[in-house]
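Subject: Structure for your review

Dear colleague,

Please find below the structure that I am handing over to you. My findings follow it.

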Amino acid sequence: MEEFYVLGIIYLAGILCGGAAIKFITLYNKSDRSNKCINNIEKLTLYNNLTNLPNKISLESMFNAELLAKDNNFNILYIDVDGFKIINETLGYTIGDKVITKIANRIKAVVDKEGKLFHIRGDEFALLITKDESKENLCVLADKILDSMKKSFVIEKQEIRLTSSVGIACYPLDGNNLDLLLKNANIAVQRAKESGKNKIEIYDHSMNEKMNKKLKLINNLHKAIENEEFTLHYQPQVNSLNGEIVGLEALIRWESPELGTVSPGEFIPLAEETGLIIPIGDWVLKAACNQAKIWQESGNINVPISINISTLQFLEDSFVDKVIDALNEADLEPKWIHLEITESVALKNAEFTMRTLDRLQEIGIKVALDDFGTGFSSLEYLNKFNIDILKIDTSFIRVIGQEDTTVTNSIIVLGKSLNMSIIAEGVETDYQLNYLKETGCDVVQGYLFSRPVPSYEIEKMLKVA
Ligand code: C2E
Ligand code: MG
Ligand code: MG
């Protein structure tokens, strides 16, 4: 009985102080009858119970016991699954755990001969390469890890597509202790995510500076709503045939007293990463509804406002209720707002997306699929979902007149055949406009007509028109 008591304490100590507990375990007399029990506890302390991979405590103990003594160079490949939070939040932790186990097995299968894989926490793994490998070889190995994720994961008949990012740090150059090395490999992996995910980044010291900048941005973003630092600008959406303004897209602008003007391209992904997009999105929704009401009452501007909705916002259980509240508070009819979502919502949770889209249609709110063609573009979803408008991404418009435009034409034909309106984004030249007119694109939006401008500019524009 006493023995179990001691072992329990060792186990707790393992959780609390990691490496130190390993020494206890090794010192404890393994030859006595508690051998089996010690093995179990050792397993619990040193291995992740979900994936059975050695954990961070194992890595620490290996670092202290072997790696430091040999004084060799070695490398850490830090692997982080992209956007895994959403899998847990939308499909639940049971499915999330099953996905993690499958991911661990896939990675292990491709790296087993090359190094030792550790499960650090949640969706994060570290591959330890004790050989002094060249950066090129490490990148080849990291590429194999990214490749291993390409095939979709099927769990309880649900198909889940994931990517991961890898950050590489080398001992002792990038950190002379394990904590620093892991921290810097983690900074590299964050860089990989920021540059578009499914990427590999090798740590360099300038990344620390970038990370500090990012933290500064996040700190300022926290204060931005209550300090009223956001405004909305509006960009006209124009009938391609007669030039009439038929809609306005609301685009957020941030003027920070400390950082100056920060573009949405820079802060929206950070807001998504930190969850701040929820309060920011709520603010946008209310501000756009209030503006639409003001314009309705003025009698001059009778076009709907398109509001960008982030995936995290759309997948909130309370999303539709929030939309209804914003409309009620502004005393606005639903037809005066359109919502712009991206294909990623459907990928994250198709069932929920379908139900939410149906509810929005019942209320009388039109939905546009933004940046179409850049994501997964599943035709099956397009057919099933209640989508009213397809917005062709800028990248397809930019190439008109320069490259083959078969895809652009096909998107227009496809959208039309599904009874959708088509909006072309990023129209900058007359050539692009004429081409789109001829191909049957109803609405165009871009610098050729107007940049996004403050509300008073829109008022001037529409009074003159
Ligand atoms: P988006 O929704 O696809 O918006 C179109 C972007 O293209 C806007 O960039 C707009 O200023 C820009 N644009 C418009 N016409 C042209 C053109 O002719 N040429 C070029 N090169 N660009 C053009 P912006 O305002 O920087 O916004 C970037 C992205 O940030 C938006 O892409 C949207 O995804 C996101 N965003 C902006 N406002 C909000 C918001 O209120 N909520 C959420 N969740 N996301 C927002
Ligand atoms: Mg948009
Ligand atoms: Mg877009």
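Which side chains meet in a salt bridge with 3.0 Å from N to O? In this predicted model, the partners are Glu194 and Lys214.

The assignment divides the protein into domain 1 (2-46), domain 2 (56-204) and domain 3 (213-464). Between domain 2 and domain 3, the count is one salt bridge, and one residue pair is in polar contact with both residues at pLDDT 80 or more. On the side of domain 2 that touches domain 3, helix H5 (84-91) and helix H8 (178-194) each supply at least two residues. H5 gives the largest share of that side, five residues. By type, the residues of this side of domain 2 comprise two nonpolar, three polar and four charged.

As to extent, nine residues of domain 2 are in contact with eight residues of domain 3. About 740 Å² is buried between domain 2 and domain 3, with carbon and sulfur atoms giving 57% of that area. Ile86, Thr90 and Arg161 lose the most area on the domain 2 side, together 54% of what that side buries. The C-alpha centres of domain 2 and domain 3 are 35 Å apart.

A separate point concerns Asn75, which is placed in strand S1 (residues 74-81). Asn75 is buried, since its relative accessible area is 3%. A polar atom of the Asn75 side chain lies 3.2 Å from the backbone oxygen of Lys131. Beyond its neighbours within four places in sequence, the contacts of Asn75 include Leu127, Glu133, Leu138 and Cys170.

With kind regards

Definitions and conventions:
Residues are numbered from 1 along each chain as its sequence is written. Chains are lettered from A and ligands numbered from 1 in the order in which they are written. This is a predicted model: local features need pLDDT of at least 70, side-chain atom pairs count only at pLDDT 80 or more; totals for chains, interfaces and linings use all residues. Side-chain values use heavy atoms; hydrogens and water are left out. Helices (H or I, at least four residues) and strands (E, at least two) are DSSP runs, numbered from the N terminus. Buried means under 20% relative accessible area, exposed over 50%, partly exposed in between (1.4 Å probe, protein chains only). A polar contact is a pair of N or O atoms within 3.5 Å; within protein, one must be able to donate a hydrogen and the other to accept it, and residues adjacent in sequence count only if both atoms are side-chain atoms. Contact means heavy atoms within 4.5 Å. Domain bounds come from an automatic or database domain assignment. Buried area is the accessible area (1.4 Å probe) that two parts lose on being put together, summed over both. A salt bridge is a side-chain nitrogen of Lys or Arg within 4 Å of a carboxyl oxygen of Asp or Glu. Ala, Val, Leu, Ile, Met, Phe, Trp, Tyr, Cys and Pro count as nonpolar, Asp, Glu, Lys and Arg as charged, and the others, Gly among them, as polar.
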